[in-house]
Amino acid sequence: MSEPPREPVRYVEADLALPYHYVAGDYRARYLRALADKRILGSRCRKTGKVFVPPVVVAPDVFEPADEFVEVADRGVVTTFCIVNIPVYGRDIEIPYVAASVALDGADLSIFALVREVEPEEVRMGMRVEAVWKPDGERRGDYTDIQYFRPTGEPDAPPETFLHRL
Amino acid sequence: MDRLRNVAVVAFSQAPVVACDEHRTAHEMLYPQVASALEQCGVRRDDIDYQVAGSADYIDGRPFGFVQALDYIGSWPPREDLHLEMDAAFAAYYAWLRMQSGDCDTALVVGYGKTSEGEPERVLNLQLDPYYQAPLGLGPTATAALQASAYMARTGRTDRDLAERASRRRTDGARNPFAQVRVGATPEELLATPWLVEPLREGYVPPVGESAVCLVLAAEGKAERMCEKPVWIHGVGQRVELQTLGSRDLTRSESAATAARDALGMAGLPSAREVDVVELCAANPVEEMILCDALEIEGDGRQPVVNPSGGPLVGHPLMMSGLLRLGEIFLQLSGRNRTHAVVGAERGIAHATQGHCLQHNLVWVLGTERRWT
């Protein structure tokens, strides 16, 4: 028998690589491909008519298929937001910046978006914003095709038009 | 409580097992199965009291994937929900326990996993202990091969014995429209396939598969209204053994034997030979032999039909292969099986397992008659 180690073993390092190969799914693939053409797709619920962006297979509130594809506008309203003052690992945006929920015109739920070209303290619920797309030829059909949203300068939307679309 | 509550399987829906569904995410595969199972028992989503899912985020590689799945299981109106990082057969066991406690009457059990998106051999390595065995890089095929060689050494079973048993399952599986491998194979053909890890050949180990499964459980009173021919749970038992492979006799499954004794005792049956059909969650012919030994169902005299669906050898979708066994027994006993039916079957056993080398075993005994009156 060998001597026990003088220093007790306190931890074991075991590196492990878990590679993945994602499938976006038919609905998500259509959504992403449309972004390359500056189009934003949603899907409409058969029962309630609600439009989900990005498109979903099933409307979770009524558990019915949402399988009619519709195009929504690339502009909408800030429903809620927060000002980020802490740098997030892997995200090289200068702080402070604004992370917002934007309900696009024609959509019944909001998407997460970055709001720029405005001082963070000036962002407010109800502010009208529009997408800033990557230039033609640079869009590849992924989430970065919309770089961020910026204010349109239109009058604010009244709360009752977006409070149920947070 | 003076007696256990009668609980039945009232609906079951499964997607065919495929190597890779390129057009749908795991959650999207699940939705049609949940919708179909609810339709079968003629209830709406809000008639279900409880829901429980078996899946593993490591399989899909999507953090908190089980939360995302809620939309596809039906999340409104809110209800109690549980998620297990286990085969969904164990999720069904949880649901059964909850129903015994009396605080729910109906439960939805789902299993899903997009196995093709990850590498199961690497993911399942994480089920081993992190100090001594996982760092060796062992995957489930390697540990199954260790078990197989130990079993063959003890019992004298040969390569040909394994080939013959695998060939029977391949022949059975050719009739199962939901199986992934639907081509029969002779023992000679299987003996000619290359070693995957000796003594397991490629022909003895199922390919990686994925599917989505939904099963509905209901307690007496409701079950009869939800299904014309509910299949009642007569008994259930589950036991787990030590994780460390060197600490147990890999050539026997003490936990499967004990779980089966518990389940049969609860069902009031003296032996597993009293049932007509058995579905074992055996991923290779040696696991099937070990389980048949544990349940004492082979040899002379009356024997149940084993794995008429072909079993996991013709389609082994991770996280739901065990629940598929329960669903198969439901289809057999409720007379819904049209392709590989065991005619006149009235009692059956469904088995599920977790971990390497049959570490954790769950045994269900089911029947067409209500157990407790």
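This is a predicted model: local features need pLDDT of at least 70, side-chain atom pairs count only at pLDDT 80 or more; totals for chains, interfaces and linings use all residues.

**Stop 1**

Select residues 254–267 of chain B for helix 11 and residues 285–295 of chain B for helix 12. Their axes are 8 Å apart and the angle is about 45 degrees. Angles under 35 degrees count as roughly parallel and 65 to 115 as roughly perpendicular, so helix 11 of chain B and helix 12 of chain B are oblique to each other. The crossing of this pair is right-handed.

Now show the side chains where they touch. Helix 11 of chain B brings B:A256, B:A257 and B:A260, while helix 12 of chain B brings B:L291, B:A294 and B:L295. Color by class and you'll get six nonpolar residues, with no polar and no charged ones.

**Stop 2: helix 7 and helix 12**

For the contact, pick B:Q147, B:A148, B:Y151 and B:R154 on helix 7 of chain B, then B:V286, B:E287, B:M289, B:I290 and B:D293 on helix 12 of chain B. By class, that contact splits into five nonpolar, one polar and three charged residues.

**Stop 3: helix 5 and helix 13**

Next, select helix 5 (residues 88–101) of chain B and helix 13 (residues 321–333) of chain B. They pack with axes 5 Å apart, at an angle of about 65 degrees. On helix 5 of chain B, show B:A88, B:A89 and B:A92; on helix 13 of chain B, show B:G322, B:L323 and B:L326. This contact has five nonpolar residues and one polar, with no charged residues.

**Stop 4: the cavity**

Leave helix 13 of chain B selected. Which helix gives the most to the lining of the largest cavity? Helix 13 of chain B does, with three residues.

To see the lining, select B:Q14, B:V17, B:N176, B:F178, B:A179, B:S309, B:G311, B:V314, B:G315, B:L324, B:R325 and B:E328. By class, the lining has five nonpolar, five polar and two charged residues.

Terms used. Residues are numbered from 1 along each chain as its sequence is written. Chains are lettered from A and ligands numbered from 1 in the order in which they are written. Side-chain values use heavy atoms; hydrogens and water are left out. Axes are lines fitted to C-alpha atoms, for helices over the stretch in contact, and angles run from 0 to 180 degrees between N-to-C directions. Helices (H or I, at least four residues) and strands (E, at least two) are DSSP runs, numbered from the N terminus. Angles under 35 degrees count as roughly parallel, over 145 as roughly antiparallel, 65 to 115 as roughly perpendicular and the rest as oblique. A crossing is left-handed if the near helix is turned anticlockwise from the far one by less than a right angle, and right-handed if clockwise. Contact means heavy atoms within 4.5 Å. Ala, Val, Leu, Ile, Met, Phe, Trp, Tyr, Cys and Pro count as nonpolar, Asp, Glu, Lys and Arg as charged, and the others, Gly among them, as polar. On a 1 Å grid over the protein atoms alone, a cavity is a set of points where a 1.4 Å probe fits but cannot get out, and a pocket is an open set with protein on both sides within 12 Å along at least five of seven lines; lining residues have an atom within 4 Å of a point.
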